Amino acid sequence: EAVRIARPWGYDEINLNCGCPSGKCSKSRADNGWGAHLMSNPAVVRRCVEAMADAAAPGVEISVKCRIGTHESLEDMERDGDSYDTLTRFVDTVAESGKVRRFVVHARCGILSGISPRHNRSVPPLRRDFVHRLAEERPDLH
């Protein structure tokens with residue numbers, strides 16, 4: 001619906017933000033939430049971008065902003081660490097329909113509870129290596 005509303009404005013790209021770790025994102029919906037909570041269900045994100053691409057004007061690129069992964073809490077992040085496989089599973093699942101080729105990857109995981117969105121921009125460690133590796137291994141994505 002939002003993509004159809006945006007059509008008259010002539011945007012050349014429309015982005016689905018799957019990177020916001022705000023607690024408000026989880027409280028808004030009982031099922032998948034939104035923002036970074038969507039990363040736990042890449043098939044839903046794939047269906048969203050498919051619908052967005054179908055509703056977009058010709059030539060409009062659909063992109064996805066995401067993080068390298070998510071953890072419920074700082075304790076979970078410290079115990080489990082970050083997983084490159086989590087990032088690639090998300091990206092590969094979303095990209096398999098061919099409707100999205102651009103991913104904007106925030107090189108930190110998202111902590112979904114216990115810290116603020118502001119602290120999510122500095123507390124989880126940067127994993128630039130994940131982003132560089134993803135770009136190397138998937139040159140068809142940008």
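In what order do the three strands of the open sheet stand, and is the pairing parallel or antiparallel?

Mentor: This is a predicted model, so read everything below as computed from that prediction. The order is β1-β2-β4. The three strands make an open sheet, and their pairing is parallel. β1 covers residues 13-18 and β4 covers residues 100-106; both stand at the edges. Each has a single partner strand, so one side of β1 and one side of β4 lack a neighbour in the sheet. From one strand to the next, the twist averages 25 degrees.

Take the pairings in turn. Strands of a sheet pair through backbone hydrogen bonds, either parallel or antiparallel. β2 spans residues 61-67 and pairs with β1 in the parallel sense, over six bridges. Two of the contacts can be named. Leu-16 has Val-64 of β2 as its bridge partner. Cys-18 has Cys-66 of β2. On to the other pairing: β2 and β4 run parallel and are joined by six bridges. Here Val-64 stands opposite Phe-103 of β4.

How enclosed is β2? Five of its seven residues are buried, so the rest of the structure largely encloses this strand. Cys-66 is a clear case: its relative accessibility is 0%, under the 20% cut-off, so Cys-66 counts as buried.

Now the helices that cover the strands. Helix α3, residues 42-55, lies across β1, β2 and β4. Its direction is at about 160 degrees to β1. Helix α5, residues 84-95, also lies across β1, β2 and β4. It runs at about 155 degrees to β4. Within helix α5 you will find Asp-92. Its relative accessibility is 34%, so Asp-92 counts as partly exposed. Asp-92 and Gly-110 are 18 residues apart along the chain, and their C-alpha atoms are separated by 19 Å.

The structure holds zero disulfides. For Cys-66, the nearest cysteine sulfur is that of Cys-18, at 7.2 Å. A disulfide needs the two sulfur atoms within 2.5 Å, so Cys-66 is in none. Cys-109 is in no disulfide either; its nearest cysteine sulfur belongs to Cys-66, 12 Å away. Cys-109 has 0% relative accessibility, so it counts as buried.

Rolling a probe the size of a water molecule over the atoms shows where empty space is left. The largest pocket has a volume of about 220 Å³. Its lining includes Glu-1, Ala-2, Val-3 and Arg-4, along with Ile-14, Asn-15 and Leu-16. Cys-48, Ala-51, Met-52 and Ala-55 line it too. The elements giving two or more residues to this lining are α1 (2-6), β1 and α3. α3 gives the most, with four residues.

Notes
Residues numbered from 1 in each chain as written. Predicted model: local features only at pLDDT ≥ 70, side-chain atom pairs only at ≥ 80, totals over all residues. Heavy atoms only, no water. Pairing = 2+ DSSP bridges. Axes fitted to C-alpha atoms, helices over the stretch in contact; angles between N-to-C directions. Contact = heavy atoms within 4.5 Å. Buried < 20%, exposed > 50% of the residue type's maximum accessible area, 1.4 Å probe, protein only. 1 Å grid on protein atoms, 1.4 Å probe; cavity = no way out; pocket = protein on both sides within 12 Å on 5 of 7 lines; lining within 4 Å. Points joined across faces, edges and corners; volume = space filled by probe spheres on them.
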